[in-house]
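Colleague: I have not looked at this one before. Can you put it up and take me through a few parts?

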Amino acid sequence: MTRATGRTAIEKIVARHAVGWVGDEPPRAGDAVVLRPRHVMTHDNTSAAIPKFRAIVGEDATVLDRTQLVIAIDHDIQNHTPENLAKYAKIRAFAERNGIDYHPPGRGIAHQVLVEEGYIRPGSLVVASDSHANMYGALGCLGTPVVRTDAAALWASGEMWWTVPPQVRVVLTGTLPPDASGKDVILALCSACDGLALNCCVEFDGPGLISLDIESRLSISNMSTEWGALAALFPCDDVARAWLRSRATNEPGSRWYRDDVERAISGWEHVASDAHASHAREIELDLSSVRPFVAGPNSVRTATPAHTLETKRLRIDKAYLMSCVNARTSDLEAAARVFAGGRRVAEHVRFYLAAASSRVMDDARRSGAWRTLVDAGAIVLPPGCGACIGLGEGTLEAGEVGISATNRNFEGRMGSRDAACYLASPTVVAESAIRGYIAAPCSAERIEANDSVRVVVRKGVHTHARPHQRMLCEGFPRRIGGRALILTQDNINTDAIYPAEATYRDGLSPDEQGAYAMRTYDPFFSEIVRIGDIIVAGHNFGCGSSREQAATALRARGIAMVIATSISQTYQRNAFNNGLIAIESADIMARVRETARDITVSRSVVGPHIEVNFEQGRITTPSGQASFNIPDQVAQELIVAGGLEAWALQRRGTLVIGAAQ
């Protein structure tokens, strides 16, 4: 196929940060590239990346470029056990020894800290070992997640491998109603356009942008992760330029130094998408049709108008105003307005409040919003992740129902897998906390519940990578056979594969990690699984967070490989980085379902013996063959090496990639 000459902003930012590119034209969607990001952020998972880094470069080595690194501690900050405090001390010592910017527990959620502290610039590339790195796109920065093994390799080399994803253009028209928010926009997209951004980068455009302030854009880009996107880019338009300039200072050396801010703003014209750039798909959303939504329970893919749920009087036990998606100053002030006039939290509801950062908390105190929320009965938690990831005070107990302004409500994410969790905007959460059941905020401009979200989806032009013939590397397996272990649910997320309660417990042995595998998804998994099994799963396997134990635990449990109808690219990256083969096959589930019993009853079902032929790209099952795409060269090399640590050590200083192999 002839590729379009116009390029997207994302492709231009990739080209700007590419290292050693030898292709005959700039990199496009589908091309494998080596990138040097402006910054790489790690948080509590820094402690797990340190031994990986030392395995690559040696015990006494220092990081290649200290200015590239940022560490901000935010996830388990309520944990004051000697073990966790020792872990934090180890991280701080590593940062001080290497001269790395370090933001301690209590400063705030890492993504918010990076925005506040001026690390995020239009036209730059910033990655983080956390799946919500997409948030940086609100300021015209290509933010995308990596995993902790990637972070260790970045510390050593300053570089990372990436396959440029397809791009989706989202055209926003109309004006967002006063009752609706950026959170409602992304909930509408997750529901009305489910699957249309999976493993893609999203570029927002259109006349409706003018009605979205930066904090709304931060919410939308942040939660594009739950939509399946790998990045979500807003343009550096008048709204973004005004926001950036409002923070600029005349202090040389500051990350907000006015001259540096102006250079970044003016540089956007060189990376803005060409008028004739091609996208894999175009989605048009009329913002005027967006209204306050509630997503759930335990899924972001079903959003119901808050006014509709209000009539059902769904009782809640807990409400949450926190997280990197919805705990900024405007969010707290919006919730405080709902509590105005002396309204209070219902007696049977526990309402938890945590600012996105210490700076946000200070701003809310100055505005009076903080005092309003506390006087109304809010329970204050420190600025950080906490209950959002199922850690610390306030998690959901079995049988409880919660409504939260966070970005995830996966089963078991915020506590017990037997609890129910709904997602909504800060105003809906506040109103629900007051009434004791899910409710829409009171408003004179009430939006009719039966109005549907107006979305138009158009097919685009795929900018495919150059034609290629994939050959198998020496040492890569030609065939793998084993018993299919069928996971019958779609959208199995990393919380389901590996629980939050074990994610930040450093030092667990492979066997201990393996014991946690799939525990949240199916408590009976450990009784069924056998060494050598091949997991067969459905759509969007491994969505959610970037925790790498979701891959290492399966490998430790003896899983030979993973085959799914579609796989989150972040999970697939994690798998290959840790020596676990994970491939997509659109028709594999249909083949194995024909020969498996109890497929609609159990979450894990023993299936037939299958044979995977990597030379032919074919999977043989008793009911016929299924096809798959052979892993690319880098993925094969990672498997042969046993993972990214060994691969980076072998290739340190020699890594050059041209077009996709």
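Modeller: Start with Leu321, which stands opposite Leu353 in β15. Keep in mind that this is a predicted model.

Colleague: Which strand pairs with β15 there, and in what sense, parallel or antiparallel?

Modeller: Strand β14, residues 318–321, pairs with strand β15, residues 350–353, in the parallel sense. The pairing runs over 4 bridges.

Colleague: What does the chain pass through on the way from β14 to β15?

Modeller: Helix α11, residues 329–338. The β-α-β crossover is right-handed.

Colleague: And which strand do 2 bridges join to β15?

Modeller: Strand β16, residues 379–380, which runs parallel with β15. Tyr352 has Ile379 in β16 as its bridge partner.

Colleague: Back to α11. At what angle does α11 pack with α14?

Modeller: About 35°, and the axes are 8 Å apart. Helix α14 covers residues 426–435. The crossing of α11 past α14 is right-handed.

Colleague: Which residues meet there?

Modeller: From α11, they are Asp331, Ala334, Ala335 and Val338. On the α14 side they meet Pro426, Thr427, Ala430, Glu431 and Ile434.

Colleague: New topic: His17. Where does His17 lie?

Modeller: In helix α1, which spans residues 9–17.

Colleague: Is His17 buried or exposed?

Modeller: His17 counts as buried because its relative accessible area is 11%, and the cut-off for buried is under 20%.

Colleague: What does the side chain of His17 reach?

Modeller: Two backbone atoms come up. The His17 side chain reaches the backbone oxygen of Ile13 at 2.9 Å. That side chain also reaches the backbone nitrogen of Leu125 at 3.3 Å.

Colleague: Which residues does His17 touch, leaving out those up to four places away in sequence?

Modeller: Val34, Leu35, Arg36 and Arg38, along with Gly123, Ser124 and Leu125.

Colleague: Last topic, the open sheet of 7 strands. What is the strand order?

Modeller: The order is β23-β22-β21-β20-β24-β25-β26, and the pairing is mixed. The edge strands, each pairing on one side only, are β23 at 582–584 and β26 at 624–627. On average, neighbouring strands in this sheet are turned by 30° against each other, ignoring direction.

Colleague: How do β22 and β23 pair?

Modeller: In the parallel sense, over 3 bridges, with β22 made up of residues 561–564. Val562 stands opposite Ala582 in β23.

Colleague: What holds paired strands together in general?

Modeller: Strands of a sheet pair through backbone hydrogen bonds, whether parallel or antiparallel.

Technical notes. Residues numbered from 1 in each chain as written. Predicted model: local features only at pLDDT ≥ 70, side-chain atom pairs only at ≥ 80, totals over all residues. Heavy atoms only, no water. Pairing = 2+ DSSP bridges. Axes fitted to C-alpha atoms, helices over the stretch in contact; angles between N-to-C directions. Right-handed = clockwise from strand over helix to strand, strands pointing away. Buried < 20%, exposed > 50% of the residue type's maximum accessible area, 1.4 Å probe, protein only. Polar contact = N/O pair within 3.5 Å; in protein donor to acceptor, adjacent residues only side chain to side chain. Contact = heavy atoms within 4.5 Å. Left-handed = near helix turned anticlockwise from the far one by under 90°.
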